[in-house]
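Please look at the sequence and the structure before reading on.

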Amino acid sequence: MSSNVLAVMIGISTFLGALGLAALLWGLKTGQFDDTSKFLDGARFDGEEELRDAVMMEEKKKKALQKRRKDKRVMPD
């Protein structure tokens, strides 16, 4: 490989690395990664009843999908 190509590759990779670091630092400075209410809301709204409702909805979806597949098999083409 030519030394010119190697120099260009090192230069571009250094630039992209610096750009990524700058984006990370900007995100940290502006609070893009701060989510203080995420865990509190998760604990507050994830109770047994909500989980039971989610399980029931999944079961309804499965039954509807099975019925749709069964109806497709029964109907003649």
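Is Ile10 buried, partly exposed or exposed? Ile10 has a relative accessible area of 48%. Buried residues lie under 20% and exposed residues over 50%, so Ile10 counts as partly exposed.

## Model and confidence

The model discussed here is predicted. Its mean pLDDT is 85, and 87% of the residues in the chain reach 70 or more.

Helix α1, which covers residues 3-30, has the highest mean pLDDT, at 96. The lowest mean, 67, belongs to helix α2, which covers residues 38-45.

## Overall architecture

The chain contains 3 helices and 0 strands. Read from the N terminus, its elements follow the order α-α-α.

Of the 77 residues in the chain, 1% are buried. The accessible surface of the chain amounts to about 7600 Å², and carbon and sulfur atoms account for 63% of that area.

## A nonpolar surface patch

The residue of the opening question, Ile10, is located in helix α1. Together with Met1, Val5, Leu6 and Met9, Ile10 forms a nonpolar patch on the surface. The accessible area of these residues together is about 520 Å².

## Charged surface patches

Which residues form the negative surface patch? The patch consists of Asp46, Glu49, Glu50 and Asp53.

A positive surface patch is made up of Arg68, Arg69, Lys72 and Arg73. Among them, Lys72 lies in helix α3. The relative accessible area of Lys72 is 62%, so this residue is exposed.

## Summary

The predicted model shows a chain with 3 helices and 0 strands. Its surface carries a nonpolar patch that includes Ile10, a negative patch that includes Glu49 and a positive patch that includes Lys72.

Key:
Residues are numbered from 1 along each chain as its sequence is written. This is a predicted model: local features need pLDDT of at least 70, side-chain atom pairs count only at pLDDT 80 or more; totals for chains, interfaces and linings use all residues. Side-chain values use heavy atoms; hydrogens and water are left out. Helices (H or I, at least four residues) and strands (E, at least two) are DSSP runs, numbered from the N terminus. Buried means under 20% relative accessible area, exposed over 50%, partly exposed in between (1.4 Å probe, protein chains only). Accessible areas come from the Shrake-Rupley method with a 1.4 Å probe; for residues, only the protein chains shown count as cover. Patches are made of residues with over 30% relative accessible area and no salt bridge: like charges are joined within 9 Å, nonpolar side chains (Val, Leu, Ile, Met, Phe, Trp, Tyr) within 5 Å. A salt bridge is a side-chain nitrogen of Lys or Arg within 4 Å of a carboxyl oxygen of Asp or Glu. Lys and Arg count as positive and Asp and Glu as negative; His and the chain ends are not counted. The place of a charge is taken as NZ of Lys, CZ of Arg, CG of Asp or CD of Glu. pLDDT is the predictor's confidence in each residue, from 0 to 100.
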